[in-house]
Amino acid sequence: MNVPSEARASRQTGAHPFQVSFEFFPPKTDAMEERFWESVHKLAPLKPRFVSVTYGAGGSTRERTLRMVSQVKAETGVDAAAHLTCVGASRDEVDQVVHAYKTAGIKRIVALRGDPPGGPGQPFVQHPGGYANAAELVAGIRRIGDFDISVAAYPEKHPQSPNWDVEIDNLKRKLDAGATRAITQMFFDNNDYFELLDRAAKAGISAPIVPGIQPIHSFKQISSFAAKCGASIPDWLAARFDGLEDDPETHALVASAVAAEQVLELVDAGITQFHFLTLNRSNFVLALARLLGVRPS
Ligand code: FAD
């Protein structure tokens, strides 16, 4: 029998050392908004370090993101982080959004370059007078206020990075520009994440690189998201969901087991911070948090 690691043991005694954060997307319709709030209210009592709200492609959710982060903070008391991208806007326009966050009392920003309107597969074209990349955006945000800034990291390398040296240099530049932590793209093979940590450590990066954990609510939907953002689905994972399209109950059980396995393997490796991609649903995340000993208080 395996001897539980210190972290696993502490989660069993309830003295958990874990910090969690949750990512939501801004709802488009009244029905979606209802689900958003139901999930926020179920997850807020877990006292996450923060809840983040994404920024739609091309800045399409500018107002909604601001409204949701402001309301999350006001209604739950949980710190809220607003995602922000450089796409389709001049520096002045992006800076205005940052000022609006500051005025609304939002102190955390997830700073991203973003993808072009044609999707992640298309080359990024800088807006004339806009920020060229996330590192420039981080520096711009820093000039405006003392925000807690997170940036993106990629366990399988960003699809547009020519090699790992460019990738890690870019990550370092973003952190050196004033970000506090990186949050990763979804990944399903923990070895990719461990290798990223090794590469970052060798480059002298000491900021936390928090794993972004994506529970597989729907294998079909998550595979399609993963393909768009350059995250791969290992064959063993596809095999586990094979034939479950019309069996939602077994699909959900397999998905819980897969996510639990991923998270507990990370715990065994000493990882203590997790960022859960909720897709505005609470059930998987509540269960995973419970495995970490993180319960409503
Ligand atoms: P950057 O770090 O600026 O760069 C991406 C790549 O471009 C780098 O890996 C590097 O290879 C290359 N590059 C950048 N600068 C240079 C340079 N000077 N020289 C050479 N190469 C360079 N998208 C949204 O639209 N809204 C969101 O809310 C959102 N949230 C996200 C949250 C997380 C945790 C993650 C991981 C991604 C998120 N994304 C979001 C997706 C993100 O916008 C895309 O992955 C985008 O393609 C890259 O953004 P970035 O901030 O990593 O870009």
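User: Which residue forms a salt bridge with Arg 91, and how far apart are the closest N and O atoms?

Analyst: A salt bridge here is a side-chain nitrogen of Lys or Arg within 4 Å of a carboxyl oxygen of Asp or Glu. This is a predicted model, in which local features need pLDDT of at least 70, side-chain atom pairs count only at pLDDT 80 or more, and totals for chains, interfaces and linings use all residues. Residues are numbered from 1 along each chain as its sequence is written, and side-chain values use heavy atoms, with hydrogens and water left out. The partner of Arg 91 is Glu 136, and the closest N and O atoms are 2.7 Å apart.

User: Thanks! How many residues apart in sequence are the parts that this pair ties together?

Analyst: Helices (H or I, at least four residues) and strands (E, at least two) are DSSP runs, numbered from the N terminus. The salt bridge joins Arg 91 to Glu 136. Arg 91 lies in helix H4 and Glu 136 in helix H5 (residues 134–144), so the parts tied together are apart in sequence by 45 residues.

User: What is the nearest side chain of opposite charge to Asp 95?

Analyst: Asp 95 is found in helix H4 (residues 91–103). Contact means heavy atoms within 4.5 Å, and, leaving aside neighbours within four places in sequence, Asp 95 is in contact with Tyr 131 and Ile 144. For charge, Lys and Arg count as positive and Asp and Glu as negative, while His and the chain ends are not counted. Asp 95 is buried yet has no salt bridge, and the nearest side chain of opposite charge, 6.0 Å away, is Arg 143.

User: In what order do the 9 strands of the open sheet run?

Analyst: Two strands pair if DSSP finds at least two bridges between them. The pairing in this open sheet is parallel, and the order is E7-E6-E5-E4-E3-E2-E1-E9-E8. Strand E7 (209–210) and E8 each have a single partner strand, so one side of each is left without a neighbour in the sheet, and the edges are E7 and E8.

User: Which residue in E9 stands opposite both Phe 22 and Ile 213?

Analyst: Strand E1 (residues 19–24) pairs with E9 in the parallel sense over 5 bridges, and strand E8 (residues 212–213) pairs with E9 in the parallel sense over 2 bridges. Phe 22 stands opposite Phe 276, and for Ile 213 the residue opposite is again Phe 276.

User: How many residues of strand E9 are buried?

Analyst: In a regular strand the side chains alternate between the two faces of the sheet. Both faces of E9 are covered, with Gln 273, His 275 and Leu 277 buried on one side and Phe 274 and Phe 276 buried on the other. E9 (residues 273–277) is largely enclosed by the rest of the structure, because the number of buried residues is 5 of the 5.

User: Last one: how far is an oxygen atom of the ligand from an N or O atom in the side chain of His 158?

Analyst: His 158 sits in the loop between strand E5 (148–153) and helix H6 (164–176) and is buried, with a relative accessible area of 16%. A polar contact is a pair of N or O atoms within 3.5 Å; within protein, one must be able to donate a hydrogen and the other to accept it, and residues adjacent in sequence count only if both atoms are side-chain atoms. The His 158 side chain reaches the backbone nitrogen of Gln 160 at 2.9 Å. From an N or O atom of that His 158 side chain, the distance to an oxygen atom of the ligand is 2.8 Å.

Key: Buried < 20%, exposed > 50% of the residue type's maximum accessible area, 1.4 Å probe, protein only.
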